Amino acid sequence: MMVFASLFAALTAAGSYIQIPMPFSPVPITLQVFFVLLAGSMLKSKWGSLSMIVYTLLGIAGLPVFAGGSSGMGVLLGPTGGYIVGFILAAYIIGKLSEKAENTTRSRLLINALNMSIGVLVLYACGVFQLMLMAEIGPGTALALGILPFIPGEIVKTAVAAYIASTHEL
């Protein structure tokens, strides 16, 4: 499982380089969330969150693993740092929910999609909270800049990640 946790940390780092800058927001569109969702669902709470902790520590240590090849404590303390903290919490919560649903007879695809949707909500709550604090903006502006433009992409990422997690096991 340690190898898989390392792999998901590396995949999350690779996902940070696949980005679309948003001219009106400090938050770019990346594939990082996709790998966070998969880590939580496939590695469960302990190893999924550990993979995101490893990813975060690599970035703090100076490796260019955050969005756009950035790194350092400044990113974690900046307007987008809450999303990175949210990666850890989201992977943990998705993993816990997945552990509780292991013996269910319901559709694995639906369960994974619901679990991942909850994880996305947690991730965005962390991100928007820090965006509000660091950018000194109100909740409405933070939602408009930090969540609303990303909803269509998150729906697609969640659907694909839920499908992969429900058809493959580690």
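The structure is a predicted model, in which local features need pLDDT of at least 70, side-chain atom pairs count only at pLDDT 80 or more, and totals for chains, interfaces and linings use all residues. Residues are numbered from 1 along each chain as its sequence is written, and side-chain values use heavy atoms, with hydrogens and water left out. Helices (DSSP runs of H or I, at least four residues) and strands (runs of E, at least two) are numbered from the N terminus.

**Aromatic rings**

- A pair of aromatic rings is described by the distance of the centres and the angle of the planes.
- Rings of Phe, Tyr and Trp (its six-membered ring) pair if their centres lie within 6.5 Å; planes under 30 degrees apart count as stacked, over 60 as edge-to-face and the rest as tilted.
- The structure holds five aromatic pairs; one of them joins Y55 and F66 edge-to-face, at 5.6 Å centre to centre and 75° between the planes.
- Y55 lies in helix α2 (residues 32-60) and F66 in the loop between α2 and α3 (73-77), so this pair ties together parts that are eleven residues apart in sequence.
- Y55 and F66 are buried (under 20% relative accessible area; exposed is over 50% and partly exposed is in between, with a 1.4 Å probe and protein chains only).
- Y55 also pairs with F87, and this pair is tilted, with 6.0 Å centre to centre and 45° between the planes.
- F87 lies in helix α4 (residues 81-100) and Y55 in helix α2, so the pair ties together parts that are 32 residues apart in sequence.
- F87 is buried, as is Y55.
- One aromatic cluster is formed by Y55, F66 and F87.

**Helix α7**

- Helix α7 (residues 151-167) has 17 residues and reaches 24 Å from its first C-alpha to its last, close to the expected 24 Å (1.5 Å times one less than the number of residues).
- The residues E154, K157, T158, A161, A162, A165 and S166 of α7 are buried.
- These residues cover an arc of only 150° around the axis, which puts them on the same side of α7; the arc is that of the directions from the helix axis to the C-beta atoms.
- P152, I155 and V156 are exposed on the other side of α7.

**Positive phi angles**

- Most residues other than glycine have a negative phi.
- K44, a residue other than glycine, has a positive phi near 70°.
- K44 is found in helix α2 and counts as partly exposed at 21% relative accessibility.
- E136 is not a glycine either, yet has a positive phi of about 50°.
- E136 lies in the loop between α5 and α6 (139-146) and is exposed, with a relative accessible area of 73%.
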